[in-house]
Amino acid sequence: MTTPDCCTDYLRAASVSRRRFLGGMAAAGATGVVTSVFGDAVRQASYAATTGGNVLVVLSLRGGVDGLGVVVPHGDPAYVDARGTLALPTAPLLAKDSTFGLHPELAPLQWLWDAGQMAAVQAVGLKVPNRSHFAAMELVEDADPTSSVRRGWVNRMIGLDTDVSAVEAVHMGDTMPPTMIEGPAPTLATNGLSDIGLIGADDGYAARRRTQLNTMWGGNTGPLGNATRSALEAVSTLSGVGKYTPSVAYPTGWPGTDLSKALKDTAALIKADVGTEVVSIDFGSWDMHDGYGTLGWGRMQEMLGAFAASVSAFMRDLGPLRSKVTVVTISEFGRRVAPNGNGGLDHGWGNMMLLMGGGVRGGYHGRWPGLDQLTDGDLSVTTDYRQVLGEVVAKRFPGKSVSQVFPGLVQKPLGVLV
């Protein structure tokens, strides 16, 4: 789904991710789904997940979204001079207060803001600037500065309970599992629900194919055996979920097509109530070194419009189930405050996060550092991004230990969730 463009660093990161995926694919090649398997730490994975609980949807805005262009600090006295030709006028901004306003392309989400179900946290990010796509993605998704072991925070979260199922954490829209779901707990990465099935099980041979796989791998206690049983359980659980007719129309045009498809499948998964706790989706690229544009043209307004229309359709599609679903955005870093010579923005530091849906306390949150207090030309970070995610985990999944999901984090509630 992510479309790398001009940034060499970004292309390198994507290449490494694909090699990682191919390793996982070999481990679970007996079926049409991919589960994450790493060494001997893989656990038995043939139990059903707990149903009826809350669901977290993590939207990764890959490429480093320009947070100042999404949650616009129009009331900061230094804003217009700092942004130069990319400064947005105050009048068309949405949901304005004395400091912030939302980009006009987020208009499809205005109803969520008005209902108090949408919030923005400004000046969030890693504690130390890291302007490498690859390294920053790893740090953000590992979310564990106490360890050099690659295990994503979502994998730690789902691994805390005794119900082990590959459908507890699902990466939707791509078969490359992101770092956040990687680890010993089984997870699932798929292009879409309709792609999930047993290879070689066409023409009524599903039962025979399943029997063959059970005979081959049923007694194997090694990683491949565990992975196969996990994949078979996922196929069984998700069979039929892909046949879904949404209650609203999702956008079908570029650049939101893939995001829209992934969110539609996510709605189907949530409505099927198979025990999924976390869904991750990548939506990029926001790596806009040039072509950023204005309110009338450019990649920023195109991407934001696609994002807002797709998420709005998803939240409306959920209906009453929206109270159980919380959407949160992450990105590896923000952009520089000042434009570059190509009408774009280079890699920066401080960023914003959006939260929508169940449990969200609407409005603007976080401590604004001011554009007259930059760090090497970047927006300073006043809130560790893990504080936002930690509050989501604490409020929406109270049975999970935040200190185990985010090791070393001393939680300081922001009040962004009730």
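Q: Helices (H or I, at least four residues) and strands (E, at least two) are DSSP runs, numbered from the N terminus, so where is Ala95 found?

A: Ala95 is in the loop that runs between α3 (79-83) and β4 (101-102), and its phi is near 50 degrees, which is a positive value in a residue other than glycine.

Q: Before I go on, what sort of model am I looking at?

A: This is a predicted model, in which local features need pLDDT of at least 70 and side-chain atom pairs count only at pLDDT 80 or more, while totals for chains, interfaces and linings use all residues. Residues are numbered from 1 along each chain as its sequence is written, and side-chain values use heavy atoms, with hydrogens and water left out.

Q: Okay, back to Ala95: buried or exposed?

A: Ala95 is buried because its relative accessible area is 18%, and buried means under 20%, with exposed meaning over 50% and partly exposed the range in between (1.4 Å probe, protein chains only).

Q: What about Ala123, what is its phi?

A: Ala123 has a positive phi of about 60 degrees, although Ala123 is not a glycine. Ala123 sits in strand β5, which covers residues 118-125, and with a relative accessibility of 0% Ala123 counts as buried.

Q: Zooming out, how many helices and strands does the protein chain have?

A: The protein chain has twelve helices and twelve strands.

Q: And how much of the chain counts as buried?

A: Of the 418 residues in the protein chain, 57% count as buried.

Q: Which share of the contacts joins residues at least 24 apart?

A: If you take the contacts between residues at least 6 apart in sequence, 75% of them join residues at least 24 apart, where contact means heavy atoms within 4.5 Å.

Q: Now the helices: how do α7 and α8 pack?

A: Helix α7 (residues 206-217) packs with helix α8 (residues 223-238) at an angle of about 155 degrees, and their axes are 10 Å apart; axes are lines fitted to C-alpha atoms, for helices over the stretch in contact, and angles run from 0 to 180 degrees between N-to-C directions. The two helices, α7 and α8, are therefore roughly antiparallel to each other, given that angles over 145 degrees count as roughly antiparallel, under 35 as roughly parallel, 65 to 115 as roughly perpendicular and the rest as oblique.

Q: Which residues make that contact?

A: On the α7 side they are Arg210, Leu213, Asn214 and Trp217, and on the α8 side they are Leu224, Gly225, Thr228, Arg229, Leu232, Val235 and Ser236. By class, the contact of α7 with α8 has five nonpolar, four polar and two charged residues, where Ala, Val, Leu, Ile, Met, Phe, Trp, Tyr, Cys and Pro count as nonpolar, Asp, Glu, Lys and Arg as charged, and the others, Gly among them, as polar.

Q: And α9 with α10, at what angle do they pack?

A: They pack at an angle of about 15 degrees, with their axes 9 Å apart, and α9 and α10 are therefore roughly parallel to each other. The contact is made by Leu259, Ser260, Leu263, Thr266, Ala267, Ile270 and Lys271 of α9, together with Ala306, Phe307, Ser310, Val311, Phe314, Asp317 and Leu318 of α10. The residues of this contact between α9 and α10 divide into nine nonpolar, three polar and two charged.

Q: Which residues is Leu238 in contact with, leaving aside its neighbours within four places in sequence?

A: Those residues are Val167, Leu188, Leu193, Ile196, Leu269 and Val274. Leu193 is 45 residues from Leu238 in sequence, while their C-alpha atoms are 7.4 Å apart in space.

Q: Last topic, peptide bonds: what is the one from Trp254 to Pro255, cis or trans?

A: The peptide bond from Trp254 to Pro255 is cis, with omega near 5 degrees, and Pro255 is found in the loop between α8 and α9 (257-272). The peptide bond from Gly284 to Ser285 is cis too, with omega near 15 degrees.

Q: Where is Ser285 found?

A: Ser285 is in the loop between β8 (278-282) and α10 (299-318), and Ser285 is buried, with a relative accessible area of 5%.
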